[in-house]
Amino acid sequence: MSLFKTYAGLSRDIYYLCLARTINSTGDFVFSLITLVLTLQMGMNVVSAGIFVSMAALISGPGVLLGGYLSDLMGKKTIIVIGQLLSAIMIISCSFWSGTITVGYLLIAVMFFISITRPAYNALIIQLCTEEKERKSAFSLMYLGANLGIAIGPLVAGFFIKDHVNIVFISIGTVFLISTFIIINQVKIGTRKELAPTSSEHAGQQQEQQQEQQRSSQPPSPLFRLLLKNPLVAFFIVVSFLNYFIYMQYSFSLPLQMNHSFGENGAAYYGSVMTINAISVIILTTVILSATRKLTALNSIATGALFYGIGFGALNLLGYFPHFSIVALSTVLWTIGEILVQTNINLYIASRVPDTHQGRFNGLLLFVGCLGYTLSPYLTGIFIKSMDMESVWIIILAFSLFYALCMIILWYIEKSSTKKSETESLEFSKSI
């Protein structure tokens, strides 16, 4: 229980936001639902169903960009509420068109509206938390809750998906509505209490408030201009492509490796891998957060990238020792990397971008993630075709080490810059 004290002290709004995200994530398997509904209920062939899945994946990219922009323009909470309400309406509507191709297009629309809410969730956590340690705990709690929901939702829906798909549609829509109701009623924006200013500070604060109101009334600045003003953040976002590229291996290369190493038992072994991953996330997330509270976001991501490399790289040993024990150990290691990276990747942007721009920067980061998820299977497929299966993991190891090196270099540049500014400030004060 002492480990869960790491989540103590967060604001009431954060707890309710994480609760809403957990509830929402129980129905957040629409991506898989598209394939299941089109193939099981409608008898569509795999190729045709794959086209719908690809369309859903592609539309998520513009969705996160639009969601980030609208979050800054209209407010994070507003975009979450609108996106989830529209998602609920769309997926409940699927029950009226059950058994028709219309369901496929409606589910693609649901994916679009869900993607709109993603940068808003991240930006809202950043807005509600003031310190990096608090944000680290909040992102970790949301990550843990989302994984719990993702584990429970498909498990329950699996009993109804084939013969009672309408129940699944209505249940997911209801889950989205409950989550939205919690956010509307329990997550309050701008309720943080502040100390009353002294008379000498009052005039200055009034002027700052007027300037802030003028900035908020203006349309958001172009994203490219903001990136030029924040080159290190831009570099971080670009390099984050590697995170999503590497992480995607668990759903593309890993099942292929299971089939290659264990033949007809490959699918069963891959199911075991997913179970180990889910259990590891639930057990280790709080432990890892407690152990790495003093690490900066960049150091945590670099450490996570090393665990990615060691975990996925260990699968190369299957070419010499095809034992599932290697796969199990590998899964625990790359899951540790997953936890470290995914719970810290938003923190770097959080402390270096003003609140008025958090939505767009988080949207851009998620868009880079969509690119990584989309290109990873294609590029990795080329690697597999050009060499033997096990050699691919050496390439993934190299990518992971390069990703870790980039994070360390970025940390060193920022540390050197901070020391330089402190030295200049000290010399200036001495001269006075």
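In which handedness of crossing, left-handed or right-handed, does helix 13 pass helix 15? Helix 13 passes helix 15 in a right-handed crossing, where right-handed means that the near helix is turned clockwise from the far one by less than a right angle, and left-handed that it is turned anticlockwise.

This is a predicted model, in which local features need pLDDT of at least 70 and side-chain atom pairs count only at pLDDT 80 or more, while totals for chains, interfaces and linings use all residues. Residues are numbered from 1 along each chain as its sequence is written, and side-chain values use heavy atoms, with hydrogens and water left out.

**The chain as a whole**

The chain holds 18 helices and zero strands; helices (H or I, at least four residues) and strands (E, at least two) are DSSP runs numbered from the N terminus. Of its 432 residues, 47% count as buried, a term for under 20% relative accessible area, with exposed meaning over 50% and partly exposed in between (1.4 Å probe, protein chains only). Among contacts in the chain with a separation of 6 or more, 85% are between residues 24 or more positions apart, contact being heavy atoms within 4.5 Å.

| Pair | Axes | Angle |
|---|---|---|
| Helix 13 (residues 266-291) and helix 15 (residues 324-342) | within 8 Å | roughly 40° |
| Helix 12 (residues 253-262) and helix 13 | 8 Å apart | about 135° |

Helix 12 is therefore oblique to helix 13, since angles under 35 degrees count as roughly parallel, over 145 as roughly antiparallel, 65 to 115 as roughly perpendicular and the rest as oblique. Helix 12 passes helix 13 in a right-handed crossing. In this pair, Leu 254, Pro 255, Met 258, Asn 259 and Phe 262 of helix 12 meet Gly 266, Ala 267, Tyr 269, Tyr 270 and Val 273 of helix 13. By class, that contact has eight nonpolar, two polar and no charged residues, with Ala, Val, Leu, Ile, Met, Phe, Trp, Tyr, Cys and Pro counted as nonpolar, Asp, Glu, Lys and Arg as charged, and the others, Gly among them, as polar.

Helix 13 and helix 15 are likewise oblique to each other. Residues making their contact include Tyr 269 and Val 273 of helix 13 and Phe 324 and Trp 334 of helix 15, and by class this contact has 15 nonpolar, six polar and one charged residues.

**Nonpolar cores**

A nonpolar core is a set of buried Ala, Val, Leu, Ile, Met, Phe, Trp, Tyr and Cys residues joined through side-chain atoms within 4.5 Å. The largest one has 47 residues, of which Phe 236, Tyr 403 and Met 407 touch the most other members, and helix 18 (residues 392-431) gives the most to this core, with eight residues. Leaving out residues up to four places away in sequence, Phe 236 touches Leu 298, Ile 301, Ile 345, Tyr 348, Ile 349, Met 407 and Leu 410. A second, separate core of 33 residues includes Ala 109, Cys 129, Ile 182 and Leu 289.

**Two single residues**

Ser 400 lies in helix 18 and is buried, with a relative accessible area of 0%. Apart from neighbours within four places in sequence, Ser 400 is in contact with Ile 246, Ala 305, Tyr 308 and Gly 309.

Ile 59, found in helix 3 (residues 46-74), counts as partly exposed at 26% relative accessibility. Not counting residues up to four places away in sequence, Ile 59 touches Ile 108, Phe 112 and Ser 115; Ile 59 and Ser 115 are 56 residues apart in sequence and 8.6 Å apart in space, C-alpha to C-alpha.

Terms used. Axes fitted to C-alpha atoms, helices over the stretch in contact; angles between N-to-C directions.
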